[in-house]
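Here is a short walk through one structure, taken a piece at a time. Have the sequence and the 3D view open while reading.

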Amino acid sequence: MSLTSLLDSITNRQESRKRSKWSDYKSLVAAICDGKEPSADVVAQTLADNDTTLDELRHDVLLLERRRKLRAEMDAAPPLESEDRKLAKQIERAESELKKLVDEREAAMAPLYQRRHEIKQICKRATEAQRELRATCEDKELLEEYEATREHYYEAQTECDHLEKEIAQHQRWAVIDREKAEMAGVKAEVARYNRQADDYEAKIASFQEQLEPLSEHAADLHAMLADIESRFLVP
């Protein structure tokens, strides 16, 4: 065998040996990733054969785990493409059906909205006409009757408001004095507070007696005003 052939043969064997050692290292990394626990001797020998440190082994294991996860994520997409196309078609059909329903509903609702708009316009003109009829009424007797009735109504209502305030105020005073009577330790004070509360309650009863017919009178006047206002609207 020539020297050249011998050297080539040695080189080939070295390359083969190098590839074999690298293959062992890759297998070691894969085994650790798989959760296996190779013996310390195997690890040490494989690291020595490949001139690799434990830190490099740890790096390669973590890298392989990450790459496996990335590959799993990559491989998850192709099987779903067919399902995605089916879903897209279903969504397209559903959207088309929804659009049809919306169009039909809008077509059905359009005359209703139109009619309601017309009614609002009619009501608006009616309100304006009522206001103008009221403003253009020149019947002196009717206007005088309205002003006199309105003045009586405001007087009656003002008196009702006054009586209601008096009733509310006297009710508060009566409650306060009843509470003071309960807390008082001296009989004379108890009697005094109760007597004051009795006076307040008597006044409340008197106010209520005055308020009832006055409220009825105010209600009658209010009804009369409404009747007069209705006559303003007669051409």
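C33 is buried, at a relative accessible area of 16%, where buried means under 20%, exposed over 50% and partly exposed in between, with a 1.4 Å probe and protein chains only. C123, at 44%, is partly exposed. The model is predicted: local features need pLDDT of at least 70, side-chain atom pairs count only at pLDDT 80 or more, and totals for chains, interfaces and linings use all residues. Residues are numbered from 1 along each chain as its sequence is written, and side-chain values use heavy atoms, leaving out hydrogens and water.

A disulfide is a covalent bond between the sulfur atoms of two cysteines. Here it is taken as a pair of cysteine sulfur atoms within 2.5 Å, and by that rule there are zero disulfides.

C33 belongs to helix α1, residues 3-33; helices are DSSP runs of H or I with at least four residues, numbered from the N terminus. Leaving aside residues up to four places away in sequence, C33 touches V61, L64, E65 and R68, a contact being heavy atoms within 4.5 Å. The C-alpha atoms of C33 and V61 are 6.1 Å apart, although 28 residues separate them along the chain.

Helix α6 covers residues 187-232, 46 residues in total, and reaches 66 Å from first C-alpha to last, close to the expected 68 Å. That expected span is 1.5 Å times one less than the number of residues. Its buried residues include Y193, A197, Y200 and I204. The buried residues of α6 pack against α4 (81-136) and α5 (140-183).

Definitions and conventions:
Helix = DSSP H or I, 4+ residues; strand = E, 2+ residues; numbered from the N terminus.
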